[in-house]
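Hello,

Here is the structure I promised to hand over, with some notes on what turned up in it. Have it open beside you as you read.

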Amino acid sequence: MTSEIFSTFDTLEDIHGEKKMQECIYLRACLDESMRLSPGVGGTLPCDVLAGGMMVDGVCFPAGTDPYAYRPEWWSLHSQGPAGVDADELALQQFAYAPFSVGRASCVGKAFAYGEINIVLAHLVYLYEMRLEPGATLGERPQKLGMGRTLKKEFQSVDNCVAAHDGPMVQFKPGR
């Protein structure tokens, strides 16, 4: 994502919500994948593939498939990068993806939110080097909290009226 930001924008002032921002395919893919893993609304469902695997709508998911892996390449086409997916698979993923809800309950500010998130994230990447705080743990919650709560790399959300998050602790260092 960093190389995409630096190759698309010559200066910080160039980063705004116009055509150049739409060229940042990987930035949007990272945003979509982040919201898939940790949506801003309550109700994240556990999605572990247990022994024996499972078949969903004719698609086989082998046991051990890691739904918690961060894979932004799922949100771009083969033509947009070497690890992308085909057009049918991308359309299916986008159909099942609803971080802003759908239908009558869909967020009226979705386009505005995406635009602002893209601008802020591009600014942060342009200005800073970022890393997780050394020794930080995103998961590792007690087993009594339920399935999936002990995953070391899983960013944990707790359902409330709106989502509440604990972490991650990120460190910033001026990059330029």
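**Nonpolar cores**

The largest nonpolar core has ten residues: Ile5, Phe9, Ile15, Met21, Cys24, Leu27, Ile119, Ala122, Val125 and Tyr126. Four of them come from helix 5, the largest share of this core. A nonpolar core here is a set of buried Ala, Val, Leu, Ile, Met, Phe, Trp, Tyr and Cys residues joined through side-chain atoms within 4.5 Å. Buried means under 20% relative accessible area, exposed means over 50%, and partly exposed is in between (1.4 Å probe, protein chains only). Helices (H or I, at least four residues) and strands (E, at least two) are DSSP runs, numbered from the N terminus.

Before you go further, please note that this is a predicted model: local features need pLDDT of at least 70, side-chain atom pairs count only at pLDDT 80 or more, and totals for chains, interfaces and linings use all residues. Residues are numbered from 1 along each chain as its sequence is written, and side-chain values use heavy atoms, with hydrogens and water left out.

Another core, of nine residues, lies apart from the largest one and includes Ala29, Leu31, Val85 and Phe100. As background, nonpolar side chains in soluble globular proteins tend to be buried together.

**Aromatic pairs**

How many aromatic pairs does a search of the whole structure find? The count is four. Rings of Phe, Tyr and Trp (its six-membered ring) pair if their centres lie within 6.5 Å; planes under 30 degrees apart count as stacked, over 60 as edge-to-face and the rest as tilted.

One of the pairs is Phe100 with Tyr114: the ring centres are 5.3 Å apart and the planes stand at 50°, so this pair is tilted. Phe100 sits in the loop between helix 4 (87–96) and helix 5 (110–127), while Tyr114 is in helix 5, so the pair links distant parts of the chain, 14 residues apart.

Tyr128 and Phe172 are another pair, with centres 5.4 Å apart and planes at 80°, so they count as edge-to-face. This pair also links distant parts of the chain, 44 residues apart: Tyr128 is in strand 3 (residues 128–132) and Phe172 in strand 6 (residues 170–174). Tyr128 is partly exposed at 31% relative accessible area, and Phe172 is partly exposed at 44%.

**Charged side chains**

Return to Tyr114 for a moment, and you will find Arg28 over the face of its ring, at 3.6 Å from the ring centre. A charge sits over a ring if NZ of Lys or CZ of Arg is within 6 Å of the ring centre and within 35 degrees of the ring normal.

Arg28 also forms a salt bridge with Asp32 (3.2 Å, N to O), and the structure holds three salt bridges. A salt bridge is a side-chain nitrogen of Lys or Arg within 4 Å of a carboxyl oxygen of Asp or Glu. Why are Arg28 and Asp32 separated by about one helical turn? Because they are four residues apart in helix 3 (residues 25–37). Arg28 is partly exposed at 35% relative accessible area, whereas Asp32 is buried at 7%.

Arg36 and Glu33 form a salt bridge too, their closest N and O atoms being 2.7 Å apart. Here the residues are three apart in helix 3, so about one helical turn separates them. Arg36 is partly exposed, at 25% relative accessible area, and Glu33 is buried, at 0%.

Lys173 and Glu129 form a salt bridge with closest N and O atoms 3.4 Å apart. This pair links distant parts of the chain, with Lys173 in strand 6 and Glu129 in strand 3, 44 residues apart. Lys173 is partly exposed at 47% relative accessibility, as is Glu129 with a relative accessible area of 45%.

**Cysteines**

How many disulfides does a search of the whole structure find? The search finds zero, a disulfide being a pair of cysteine sulfur atoms within 2.5 Å. Cys24 is buried at 3% relative accessibility, and Cys30 is buried with a relative accessible area of 4%.

Enjoy exploring!
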